Number of protein chains: 2
Amino acid sequence: MTDSSVASVPVEKLADHVGQTVQLRGWLYNRRSSGKLHFLQVRDGTGIVQAVAFKGDLEPELFESLGHVPQESAMRIVGEVREDKRSPLGVEVGVHQAEVLSESEPFPITKKEHSTGFLMERRHLWIRSRKQHATLRIRARVMKAIRDFLDDRGFLAVDSPIFTPNACEGTTSLFEVDYFDDKAYLTQSGQLYAEASAMAFGNVYCFGPTFRAEKSKTRRHLTEFWMVEPEMAFADLNEVMGVIEDMVCYIVQCCLKDRALELQVLERDVEKLQAIQKPFVRMSYNECVEFFQQKGHPFEWGGDFGSPDETFLAEQHDRPILVHRYPADVKAFYAKRDPEDDKLSLSVDCLAPEGYGEIVGGGERATDLQFLLDQIEHHKLPQEAFEWYLDLRRYGTVTHSGFGLGVERVTAWICGSQHLRECIPYPRMLYRIYP
Amino acid sequence: MTDSSVASVPVEKLADHVGQTVQLRGWLYNRRSSGKLHFLQVRDGTGIVQAVAFKGDLEPELFESLGHVPQESAMRIVGEVREDKRSPLGVEVGVHQAEVLSESEPFPITKKEHSTGFLMERRHLWIRSRKQHATLRIRARVMKAIRDFLDDRGFLAVDSPIFTPNACEGTTSLFEVDYFDDKAYLTQSGQLYAEASAMAFGNVYCFGPTFRAEKSKTRRHLTEFWMVEPEMAFADLNEVMGVIEDMVCYIVQCCLKDRALELQVLERDVEKLQAIQKPFVRMSYNECVEFFQQKGHPFEWGGDFGSPDETFLAEQHDRPILVHRYPADVKAFYAKRDPEDDKLSLSVDCLAPEGYGEIVGGGERATDLQFLLDQIEHHKLPQEAFEWYLDLRRYGTVTHSGFGLGVERVTAWICGSQHLRECIPYPRMLYRIYP
């Protein structure tokens, strides 16, 4: 038995308790034994620490049993925190007492290679693995950085609804829900509502799950993902580019500072992240097309950038690029036109380096009622469903701008991960809603 | 015209700029005129300030026009911040320059009484009104307080999915979604996933929208609402009650400190909120039933508390009550049984005072595999869909506890609001998905 009255300390805080006797509660992640010693890797959710059990310190039966306890068994250990320079944590624990709280059945995820399907089917267990664990701890830090950044600058969190009567960007990729005797759609973007909120609250953001029923089975697609969408009354394209730049830098810095261990677990080249500094490169769409032509990269003016185009551009620089003023035809109906060239929109995308592509999309919103009425007609959208949105141009319309940033895409980039599905706790994809 | 190079200051920060000339950007909320003076109430989303235009200071045409500008027109004002003890903000602005950025059409929401239906249909405009605005600024503060409280205590944000293959508490009130060639449900609670996350990350919380397809049209029901669900590995019922108590106190204190103006707008009796202090009253269900009997309040042992029962209990005290150990039959299948009495569960609800009723529900979760298998059979749930959840008891099961707190219910209580629909920006109800 263990003395459960000893203060329990999470693994991530152990380094503050060197020389003290603490209680450690967690699960056996791994074990190495050598005669008189068991080296127990114990994970408690905040980190993994090595607990060293010495034969001479423990009852013979207990010592013996620690050599057999299966992986993922729950344990309580009481022991002394000792400095250990070889450990990434800087400490290990010398075991004084140990107790197995529950013995695990043989854990299905072992050191051998497992197929993606096997792991995805066991996502609820896979998230205990070192790399998945590190990725999701970074994701949480990304989300907190986003909120802190916006809260500290006076943005108010105003949630957009999930159930919507109308589609932000066409209905083809919307999930439909039986809503009592009616139909509703799951939101693809909270932006239109964020615009209404900005007219009431000034600088706002919505931050929640969004949904796309895309029948794509690529590494870049989830049907459910999290997006933050700041919207600023009185801000123009230039101001919004400044906010994007500041926010992306802040997110990266927070992860570098508070998730160094996790980035190490992921073998991330942190020098690449340290290079993410202001100012970002700013290029207009026209300048990009010119650049493509100079470099012999095949691209025709007027189309949206595909993944190879984004990668080609992003590879030129060690930091994100802000590409602005895309052709109006490739952007949504609510994008404001460039007063200098009506074929262009006052839009901006932020492309991450290392081939990660678009992590942010945004721009100035159209402010003119008649322009929007024409656009709605042109795009054959149901005006009735957008009346509330049009009201924002009837009652005190002002210049306003905003953007959307995808949490999983930013997390994938920071983690250096190739798979969006590993950057959300319980991914939903074309053929995947379990567990 | 106005000099747009003058530094723009949000209304909520004006008091820090007394004696300075600032730029104010916002909308005309209200006006009072008296010959040589126009008193313009200008709202910018962070607050409302009085801007005083004196005839002698302005071009005659401009002064004249300020007497006609319609409500909700967008304006830019440059002027001096002056102390004004009569204002709740402590300041007013003396207008030096003014410019109407866009003239509003006649605003539909005026000082006269409007029906709820009329206002709900115009929710995107109604949120500009003083009381709605104050309520939603308090809601944002509630959500931030929740996150700060949990983040500061080492809880990791791990989002539960919205699309789920199975129901947490039965399928009758679930929204069904066409998921490609399959069916999915919208989550009613992220708890089961939060349990899986707690086994991987220790102390966690999920915080997102949840959905209930209840055909109730009462003041207490929304089909879409936000819920935070902390879950703690190794914590028992007693610990979870302590966390609920601390968190509720913290939320109330943050609102009292940072939303004093808004509470004043809502005419909230803040003394009632100041009384929200630890320790909360803790009563077992059995003690509550005994109390009902003593007081002649009709109630039979075994049933769940209805709204009148909760109100009757809550009215006895000036602070929330923690009611624990409800009969197992009125709680969900995963609730742990009381080892002292198998008819009871180790559950807890937190009831807010002043008749606001349940704001939190939680407790200890069952840890035994066979018990859960029996429960799933007893409740006729599809075991297959719960295999992943059962895995948590196969691989290192430990004591764990958690709770769910409803954001809109807490906001309604803090605001003293009778209507949940006013405590979320864009409410979704039985017959309401517009705007």
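Colleague: How many residues of helix 5 of chain B are buried?

Modeller: The model is a predicted one. Helix 5 of chain B runs over residues 191–201 and is mostly covered. Its buried residues include Gln191(B), Tyr193(B), Glu195(B), Met199(B) and Phe201(B). The count of buried residues is eleven of eleven.

Colleague: Which residue just after helix 5 of chain B takes a positive phi?

Modeller: The position in question follows directly on helix 5 of chain B. Its phi is about 85°, and the residue is Gly202(B).

Colleague: What is the phi of Phe234(A), and is the residue buried or exposed?

Modeller: Most residues other than glycine have a negative phi, and most peptide bonds are trans. Phe234(A) is not a glycine, yet its phi is positive. The residue sits in the loop that links strand 11 (224–233) to helix 6 (237–258) of chain A. Because its relative accessibility is 12%, Phe234(A) is buried, and its phi is about 75°.

Colleague: What value does phi take at Phe234(B)?

Modeller: Phe234(B) belongs to the loop between strand 11 (224–233) and helix 6 (237–258) of chain B. With a relative accessibility of 12%, Phe234(B) counts as buried. Its phi is positive, near 75°.

Colleague: How are the two copies related?

Modeller: Chain A is laid on chain B by a turn of 180° with a shift of 0.0 Å along the axis, at an RMSD of 0.0 Å. The relation is therefore that of a two-fold rotation axis.

Colleague: Which residue of chain A has the C-alpha nearest the axis?

Modeller: The C-alpha concerned lies 2.5 Å from the axis. As for the surface used, 100% of the contact residues of chain A recur in chain B, and the same surface serves both copies. The residue nearest the axis by its C-alpha is Val177(A).

Colleague: How far apart are the C-alpha centres of the two domains of chain A?

Modeller: Chain A is divided into domain 1, residues 11–102, and domain 2, residues 123–423. Ten residues from domain 1 and seven residues from domain 2 of chain A take part in the contact. The C-alpha centres of these domains are separated by 44 Å.

Colleague: Where does Leu322(A) lie, and why does it count as buried?

Modeller: Leu322(A) is placed in strand 13 (residues 321–324) of chain A. Beyond its neighbours within four places in sequence, it is in contact with several residues, among them Met241(A), Ile244(A), Phe280(A), Val348(A) and Cys350(A). The cut-off for a buried residue is under 20% relative accessible area. Leu322(A) counts as buried because its relative accessibility is 0%.

Colleague: What is the C-alpha to C-alpha distance between Leu322(A) and Ser347(A)?

Modeller: In sequence, Leu322(A) and Ser347(A) are 25 residues apart. In space, their C-alpha atoms are separated by 10.0 Å.

Colleague: What is omega for the bond that joins Tyr434(A) and Pro435(A)?

Modeller: Pro435(A) is found in the segment after helix 13 (407–415) of chain A. The peptide bond joining Tyr434(A) and Pro435(A) is cis, with omega about 0°.

Technical notes: Residues are numbered from 1 along each chain as its sequence is written. Chains are lettered from A and ligands numbered from 1 in the order in which they are written. This is a predicted model: local features need pLDDT of at least 70, side-chain atom pairs count only at pLDDT 80 or more; totals for chains, interfaces and linings use all residues. Side-chain values use heavy atoms; hydrogens and water are left out. Copies are superposed by least squares on the C-alpha atoms of residues with pLDDT of at least 70 in both. Contact means heavy atoms within 4.5 Å. Domain bounds come from an automatic or database domain assignment. Buried means under 20% relative accessible area, exposed over 50%, partly exposed in between (1.4 Å probe, protein chains only). Helices (H or I, at least four residues) and strands (E, at least two) are DSSP runs, numbered from the N terminus.
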